[in-house]
Amino acid sequence: MAHFVAILLDDKRLNAIKGTEVEEKIVDLFGGELKALNIEMPEEAEKWIMEAFTSSRIDTRGAITDVPVAFNRILFEEVAKHKSMGKEALDAVISRADEIKEAAAKEAEYLPPPDIDISDVEELQKSPYQKP
Amino acid sequence: MGLLFERPLPHGGRLVERVVTDPELGKKMAKGCKAIYDIKPTLHYETGVPVRNVYREIMSICYGFFSPVEGSMKKAELERVLKERRLLNEWIFPYPMLFDISEEDYKELGVEVGDRVLLRLKGKPFAVIDVEEIYRINPEEVATRTFGTPEDNPEVVREPFDKKHPGWVIYRSMNPVILAGKYTIINEPKLIPPFDRFWYPPRKSREEYAKRGWRTVINHQTRNVPHVGHEMLMKTAAYTGDIEPCNGIQVNAIIGVKRRGDYPDEAIVEGHEMVHLAGYIKPERHLVTICLWDMRYGNPIESLLHGIIRQNMGCTHHMFGRDHAAVGEYYDMYATQILWGKGIPSFGIPKPVNEVPYGLQIRAQNMAEFWYCPHCREIAYSGCCNHTKEKQKFSGSFVRGMVAEGVFPPKVIFRPEVYKVIVKWWKKFGYPFCNEKYVKEKEERLEVELPDMEV
């Protein structure tokens with residue numbers, strides 16, 4: 001069975017593939033609460049990923065996981081650019097290997113946190129039920 | 001036999017408490033010491049990254065989490081634990097507890113059997129060890145025997161342990177000289193926030209259960225920020241009990257060095273706390289607690305320690321899932337449930353842990369899996385839901401990937417308030433998970449501060 005990389009789709013990514021044939025490949029996860037593209041990896045590409053990123057592994061779903069965020073980002077960029085999940089998009093990803101590895105090295109130290117409002121939980125934490 | 005379950009006695013019959021709370025007495029004990037040793041983190045034998053700090057073991061022993069163990073093990077006890085998972089006094093115990101120092105430090109200390117050594121932490125007096133025996137170990141041999149081998153433990157060990165296993169690395173990275181003897185904390189540390197409000201050593205947890213009117217308590221072991229699958233596991237497992245569901249649900253988080261990719265300890269404890277602050281479980285029924293221990297990821301072996309810790313805390317039940325406290329595929333994914341369900345003879349436990357002499361009293365609640373079922377439109381238990389083709393698993397790596405990409409998780413995966421706790425600590429540490437920087441900084445900071453003590 002071919003393994004795949006799941007790319008989660010937020011609104012920005014959904015817009016980027018709107019109207020393309022890639023849009024037809026979108027799968028629903030968790031009852032439609034999440035959208036994703038399951039991009040199948042040919043044996044050669046899988047081998048490249050596993051060698052390039054030592055943290056990567058295959059999970060129980062058959063998904064290649066624990067790859068750098070930068071890999072997923074560039075994989076999506078190339079899929080959107082080529083309007084395809086085929087070989088040409090994957091070759092373009094591999095041609096950007098140095099860029100991905102450089103970004104991945106930085107990722108080990110820092111990942112930008114999402115810019116979301118967390119004041120509601122900070123408010124809840126002001127009155128903890130358990131006290132020191 | 002009565003139908004009501006009573007709070008179990010501590011493992012070994014009585015709680016070990018080796019903490020001097022009178023500073024004057026502490027000073028007096030410190031003055032009688034032959035030598036002073038500054039506690040150092042155990043560093044990975046190849047990379048030099050911290051993998052353990054023995055202070056956590058001293059804390060857990062002296063506050064009674066590991067009762068009946070009272071200190072660093074003598075050679076005969078180490079052998080017995082490795083062979084039969086028993087202490088010399090017969091009680092079941094899974095792991096070697098060792099105070100290890102380098103040959104250079106041993107030479108410099110110049111201690112002998114009968115001496116008392118002052119142990120300093122963060123430059124301040126912390127504890128003493130009364131040296132009863134000094135011997136040497138081969139760390140690699142101890143590491144391998146601790147976790148077992150496919151040849152010696154064919155019931156559950158599937159692959160030989162190696163340097164990819166963080167628990168094996170901890171023992172492999174130990175120093176060769178062992179000072180054996182009892183520990184006593186002479187300068188009581190203060191837990192720092194956010195850990196202070198989750199610090200319930202066995203005596204205090206038992207008092208807390210009594211205060212809350214909890215007779216039956218089920219424990220949830222964690223090293224994770226809880227996703228909704230964990231929450232459902234807790235709620236569903238808690239339906240067990242005796243004539244009624246368990247009165248209390250205790251979360252006990254293992255706090256210490258973790259592997260890369262696990263969540264920071266601060267996010268773990270506050271994530272669990274948020275489950276009751278945001279009302280998903282009533283706070284009156286939910287208690288978040290911690291135990292200091294550098295997790296060994298030893299699946300069935302680790303589950304024994306977890307059972308001991310939680311029985312000492314007063315729990316009547318313990319939930320165990322698939323791949324309990326596991327990493328990789330070294331053990332059978334149901335090894336823990338095999339141990340508690342029928343025993344593992346090659347580990348010295350030929351019957352369920354509750355049925356062997358000097359075994360445990362805490363009852364196992366072995367649980368299978370939870371997944372999201374789009375057909376049922378709910379978090380479903382694998383023993384019930386038959387939509388196996390449609391199921392969507394809570395794969396840890398999938399969830400980590402989603403978090404790392406900054407995707408706001410849907411409510412069926414993370415409660416939004418719990419996810420925001422991850423983000424809170426992500427903003428502080430610049431990273432959502434444990435990485436090398438976090439581990440190094442945390443191992444300098446630790447979880448405690450010590451009061452000044454002039455000696």
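What percentage of the 132 residues of chain A count as buried? In this predicted model, the share is 25%.

**View 1. Chain A as a whole.** Chain A contains 6 helices and 5 strands. Read from the N terminus, its elements follow the order β-α-β-β-α-β-β-α-α-α-α. The C-alpha trace extends over about 55 × 35 × 30 Å along its principal axes. The radius of gyration of chain A is 18 Å, whereas a compact globule of 132 residues would have one near 14 Å. Among the contacts in chain A with a separation of 6 or more, 62% join residues 24 or more positions apart.

**View 2. The open sheet of chain A.** Three strands of chain A make up an open sheet with the order β1-β3-β2 and antiparallel pairing. Strands β1 (4-8) and β2 (27-29) of chain A lie at the edges, each pairing on one side only. From one strand to the next, the twist averages 40 degrees. Strands of a sheet pair through backbone hydrogen bonds, in either a parallel or an antiparallel manner. Here, β1(A) and β3 (residues 34-40) of chain A are joined in the antiparallel sense over 5 bridges. Within β3(A), A36(A) stands opposite L8(A). Helix α3(A) packs on the sheet, where it touches β1 and β3 of chain A, and its direction makes about 85 degrees with that of β1(A).

**View 3. Packing of helices α3 and α5 of chain A.** Helix α3 (residues 69-82) and helix α5 (residues 97-107) of chain A pack at an angle of about 140 degrees. Their axes are 8 Å apart. From α3(A), the residues V69(A), A70(A), F71(A) and I74(A) meet I100(A), A103(A), A104(A) and E107(A) of α5(A). By class, this contact of α3(A) with α5(A) comprises 7 nonpolar residues, no polar residues and 1 charged residue.

**View 4. The contact between chains A and B.** Chain A gives 31 residues to this contact, and chain B gives 40 residues. On the side of chain A that touches chain B, the elements giving two or more residues are α3 and α6 (119-125) of chain A. The largest share of that side, 3 residues, belongs to α6(A). The residues on the side of chain A that touches chain B comprise 18 nonpolar, 6 polar and 7 charged.

**View 5. The two domains of chain B.** Chain B is divided into domain 1 (23-190) and domain 2 (195-444). The C-alpha centres of these domains of chain B are 26 Å apart. Their contact draws 38 residues from domain 1 of chain B and 43 residues from domain 2 of chain B. On the side of domain 1 that touches domain 2, at least two residues each come from β3 (50-53), α2 (54-62), α3 (75-84) and α6 (166-172) of chain B. Strand β3(B) provides the largest share of that side, 4 residues. By class, the residues on the side of domain 1 of chain B that touches domain 2 of chain B are 18 nonpolar, 8 polar and 12 charged.

**View 6. Helix α2 of chain B.** Helix α2(B) is largely enclosed by the rest of the structure, because 9 of its 9 residues are buried. These buried residues are V54(B), Y55(B), R56(B), E57(B), I58(B), M59(B), S60(B), I61(B) and C62(B). After α2(B) comes G64(B), which has a positive phi, near 90 degrees.

Conventions:
Residues numbered from 1 in each chain as written. Chains lettered and ligands numbered in written order. Predicted model: local features only at pLDDT ≥ 70, side-chain atom pairs only at ≥ 80, totals over all residues. Axes fitted to C-alpha atoms, helices over the stretch in contact; angles between N-to-C directions. Contact = placed C-beta atoms within 7 Å. Nonpolar A, V, L, I, M, F, W, Y, C, P; charged D, E, K, R; others polar. Domains from an automatic or database assignment. Buried ≥ 20, exposed ≤ 12 C-beta atoms within 10 Å, placed from the backbone. Rg over C-alpha atoms; globule rule 2.2 N^0.38 Å. Pairing = 2+ DSSP bridges.
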